[in-house]
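Biologist: I'd like to learn how to read a model like this one. Can we go through it feature by feature?

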Amino acid sequence: MSQATQTFVIVGASLAGAKAAETLRAEGFEGRVLLIGDEARRPYERPPLSKEYLRGEKDFGAAAVHPAGFYDEHDIELRTSSLVSAIDPARRSVTLSSGEEMGYDRLLLATGATPRRISVPGGNLPGVLYLRSVEDADVLRQAIGPSAQVVVIGAGWIGPEVAASARQLGASVAMVELAALPLERVLGPEVGAVYRDLHAAHGVDLHLGVGVEGIVGSESAEGVRLSDGTVLPASVVVVGVGVTPRVELAEAAGLSVDNGVLVDEQLGTSAPGIFAAGDVANVYHPRYRTRIRLEHWSAALNQGPAAARAMLGHDVVYDRIPYFFSDQYDLGMEYRGWAPTFDEVVFRGDPASGAFLCFWLHRGKVAAAMNANIWDAGDDIEALLQADRLVDAPRLADPDIDLAGLAGSPGT
Ligand SMILES: Cc1cc2nc3c(=O)[nH]c(=O)nc-3n(C[C@H](O)[C@H](O)[C@H](O)COP(=O)(O)OP(=O)(O)OC[C@H]3O[C@@H](n4cnc5c(N)ncnc54)[C@H](O)[C@@H]3O)c2cc1C
């Protein structure tokens, strides 16, 4: 069948889905493109929601993936406020919660992820907030002002970013984390300590290595009770304890699911004609020879287009090195690579100076690297990661040695 008469359906109208739709048209697909999302707004990027948007420095338009007219101009049927309630891979159809059914020739699942809830006494009280959508950010923005007492539960990525923005808005902020250090799970203790010191220097009251027993309050949240008996007063509680991939549709349709929808390096699921991308996809990565589910802006940005090309039958291999960024106060950083385990951490530059590079080494090679407030090192770091060679740690640490020339003897 000619592709001009085909229908490609994308479920999830956010970054991965919108970029996929854009790519279908850019690649010359002339069939029907349906982009279906359960949110009321057109697709937008989420990183500003804990940063500039939350602080009122950027409006929705600056966060939107495309200008308002883009979808009509490119003949992309954007269906907002539309929940897909079922997929039938045998009949190649999707059903909306309204009962409407539509057939597809290719289907992309870009359903993203949803915040994990805390289940403690008082956890459902008004004033216990989560941050995923623009509406969540609007509610949070209303609750955070100079007189607010914000308690942030969880020091993964969302927690520290919200804590930083709340401090910048003049609120008093406490942050609670079960681990010994903020961001320790991904960055390890050495860089976790840098973020601990950063937040302490900005007046965040840190409670590390301690759990949450419950939220106290009668009508709404008034405080957070910790496992050490402390009760932190709160006018608002922000929970950032991770996300879970939205796999319900895939699971019900019988697709292979394990920490996300399982896809191969071409982003194809276990069902013919169905692809997945972004936060929901657990993607086989040929470089690491394992599946990785990334919850990063750049994965959605790049996997969406890659999936679109795969839907068109192109020969796609998704092998990009993972990348994410974070901005907290005046510390901006980019992280490249993947280092679930590492043997050594090497700094180039003094973290206390606020501008430094950091490398996570595994078996003598750079597994991941971060540039903090240094913005011209990205290409050299990418080259170092791509080279995948043994490196000499003292030379890596020496700012006088050119990074570009650092890849040493070929590794095994
Ligand atoms: C506050 C915040 C700050 C962040 N900051 C950073 C950052 O600084 N750096 C970084 O690298 N990453 C950051 N991220 C992560 C990044 O935003 C995500 O990785 C990215 O949004 C994933 O995009 P996605 O399109 O895969 O999924 P999502 O953005 O989750 O979108 C999925 C969409 O599908 C919709 N949907 C789900 N199920 C259905 C259904 N059945 N029917 C219809 N629609 C459905 C959802 O409502 C949603 O609109 C941040 C995330 C948040 C929430």
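Biologist: Which residues come nearest the ligand?

Modeller: A residue is near a molecule if one of its heavy atoms lies within 4 Å of it. Here 35 residues are around the ligand, and Asp38, Glu39, Arg46, Lys51 and Arg132 come nearest. Keep in mind that this is a predicted model: local features need pLDDT of at least 70, side-chain atom pairs count only at pLDDT 80 or more, and totals for chains, interfaces and linings use all residues. Residues are numbered from 1 along each chain as its sequence is written, and side-chain values use heavy atoms, with hydrogens and water left out.

Biologist: How do the residues of that shell divide by type?

Modeller: Ala, Val, Leu, Ile, Met, Phe, Trp, Tyr, Cys and Pro count as nonpolar, Asp, Glu, Lys and Arg as charged, and the others, Gly among them, as polar. The shell around the ligand has 17 nonpolar, 9 polar and 9 charged residues.

Biologist: Which elements give two or more residues to the shell?

Modeller: Helices (H or I, at least four residues) and strands (E, at least two) are DSSP runs, numbered from the N terminus. The elements in question are α1 (15–26), α5 (158–168), α8 (297–311) and β22 (323–328).

Biologist: Now His199: is this residue buried or exposed?

Modeller: Buried means under 20% relative accessible area, exposed over 50%, partly exposed in between (1.4 Å probe, protein chains only). His199, in helix α6 (residues 184–201), has 0% relative accessibility, so it counts as buried. Contact means heavy atoms within 4.5 Å; leaving aside neighbours within four places in sequence, His199 is in contact with residues including Pro160, Met175 and Tyr329.

Biologist: And where do His207 and Val139 lie?

Modeller: His207 is in strand β12 (residues 205–208) and is buried, at 14% relative accessibility. Val139 lies in helix α4 (residues 134–143) and is partly exposed, with a relative accessible area of 45%.
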